[in-house]
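Here are some notes to read alongside the structure, written for someone meeting it for the first time. Take the points in order and keep the view open as you go.

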Number of protein chains: 2
Amino acid sequence: MGKSITRARRSECPINIALEIFGDSWSLLVIRDLLFHEQRTFNEFQKSAEGIASNVLADRLARLEAAGIIIKSENASDARRYDYRLTDKGVALAPVLIEIIVWSAQYEETDPAPGAARKMSAQRKKFLALLRKKLVV
Amino acid sequence: MGKSITRARRSECPINIALEIFGDSWSLLVIRDLLFHEQRTFNEFQKSAEGIASNVLADRLARLEAAGIIIKSENASDARRYDYRLTDKGVALAPVLIEIIVWSAQYEETDPAPGAARKMSAQRKKFLALLRKKLVV
């Protein structure tokens with residue numbers, strides 16, 4: 001359940017397999033928007049500060065859906081649009097993103113300030129439990 | 001100190017900045033080889049199962065060095081070759097890789113088995129302390 005469609009992998013290393021799924025410079029931004037920013041539609045993802053191109057966004061949404069990380073459903077008010085949400089497999093990426101935030105805030109010039117990231121790190125378990133409660137249906 | 005050379009970022013989000021540094025399908029494999037597989041030369045990285053092309057490997061090593069994640073020094077026995085090692089900033093990526101391993105082993109068909117990854121996860125602190133002791137000079 002929740003496994004990606006099997007195809008030739010470069011190797012069976014868990015890091016490699018993860019990178020074959022989300023190892024690009026955009027996929028984890030979509031997951032970030034779903035996890036932390038309560039965004040759920042194509043238009044919302046597209047408005048994020050990084051300025052993802054619509055063809056790239058469409059490709060990444062399709063790939064994340066094929067990998068069982070996100071799932072889409074018809075928008076309640078507009079049947080031509082989709083709402084996206086994270087699956088359990090997608091929410092389970094939260095610890096990866098948190099460790100990236102902690103690292104990046106420590107070693108790069110980022111916003112928010114390192115203090116906020118350190119707090120997120122120190123209260124990792126509490127923070128993750130709250131996220132899961134909010135996102136896992 | 002240890003900050004990357006400043007250039008136009010897509011945004012100041014810590015996840016985005018990290019992805020601008022290592023958000024591709026190869027960079028974290030080189031970091032994996034340095035962290036867990038005790039590899040340190042161009043030839044050793046190139047022999048990893050994923051079969052990285054030499055031009056891609058050269059590009060990623062240069063980028064990781066520019067970002068202050070790895071550092072190179074002349075090989076003791078052959079001055080035409082370089083040995084690479086992780087800086088403190090590079091070793092600090094270990095928690096990111098561990099969370100990726102834990103996620104991947106849980107949701108994908110990987111080698112090693114999920115049991116090993118769960119153990120790594122449960123003994124995270126001990127495992128990270130050992131890694132740091134081995135790698136930080």
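Where does Arg9(A) lie? Arg9(A) is found in the segment before H1 of chain A. Please keep in mind throughout that this is a predicted model.

1. **Arg9 of chain A.** Arg9(A) has a relative accessible area of 18% and is buried. Its side chain is joined to the side chain of Glu108(B) by a polar contact of 3.3 Å, so you can follow the pair from one chain to the other, as buried here means under 20% relative accessible area.

2. **Arg9 of chain B.** Now turn to the other chain. Arg9(B) sits in the segment before H1 of chain B and counts as buried at 19% relative accessibility. The side chains of Arg9(B) and Glu108(A) make a polar contact of 3.3 Å. The pair is also a salt bridge, with 3.3 Å between the closest N and O atoms. To get your bearings within the chain, look for Lys72(B): it is 63 residues from Arg9(B) along the chain, and their C-alpha atoms are separated by 26 Å.

3. **The interface as a whole.** Step back and view both chains together. Chain A gives 48 residues to the contact and chain B gives 48 residues. Between them they bury about 4100 Å², with 68% of that area coming from carbon and sulfur atoms. Of the area that chain A buries against chain B, 18% is supplied by Arg10(A), Ile15(A) and Trp103(A), more than any other three residues.

4. How many salt bridges cross between chain A and chain B? There are 4 salt bridges across this interface, Arg9(B) with Glu108(A) being one of them. The polar contacts between the two chains come to 16 residue pairs.

5. **Which parts of chain A take part.** The elements giving two or more residues to the side of chain A that touches chain B are helix H1 (14-22), helix H2 (27-36), helix H5 (88-91) and helix H6 (94-107). H6(A) contributes the largest share, 11 residues. By residue type, this side of chain A divides into 26 nonpolar, 9 polar and 13 charged.

6. **How the two chains are related.**

7. **Helix H1 of chain B.**

8. Over all chains the salt bridges number 26. In one of them, Arg60(B) meets Asp24(B), with 3.1 Å between the closest N and O atoms. Arg60(B) lies in helix H4 (residues 54-66) and Asp24(B) in the loop between helix H1 (14-22) and helix H2 (27-36), so the pair ties together parts of chain B that are 36 residues apart in sequence. Arg60(B) is buried at a relative accessible area of 13%, and Asp24(B) is buried at 9% relative accessibility.

9. **More charged pairs to look at.** Arg32(B) and Asp33(B) form a salt bridge through their side chains at 3.0 Å, N to O, and both residues are buried. Asp59(B) and Arg63(B) form another, at 3.7 Å. These two lie 4 residues apart in helix H4 of chain B, about one turn of the helix. Asp59(B) is partly exposed at 33% relative accessibility, and Arg63(B) is partly exposed at 36%. In chain A, look for a network of salt bridges linking Asp24(A), Asp59(A), Arg60(A) and Arg63(A).

Conventions. Residues are numbered from 1 along each chain as its sequence is written. Chains are lettered from A and ligands numbered from 1 in the order in which they are written. This is a predicted model: local features need pLDDT of at least 70, side-chain atom pairs count only at pLDDT 80 or more; totals for chains, interfaces and linings use all residues. Side-chain values use heavy atoms; hydrogens and water are left out. Contact means heavy atoms within 4.5 Å. Buried area is the accessible area (1.4 Å probe) that two parts lose on being put together, summed over both. A polar contact is a pair of N or O atoms within 3.5 Å; within protein, one must be able to donate a hydrogen and the other to accept it, and residues adjacent in sequence count only if both atoms are side-chain atoms. Ala, Val, Leu, Ile, Met, Phe, Trp, Tyr, Cys and Pro count as nonpolar, Asp, Glu, Lys and Arg as charged, and the others, Gly among them, as polar. Buried means under 20% relative accessible area, exposed over 50%, partly exposed in between (1.4 Å probe, protein chains only).
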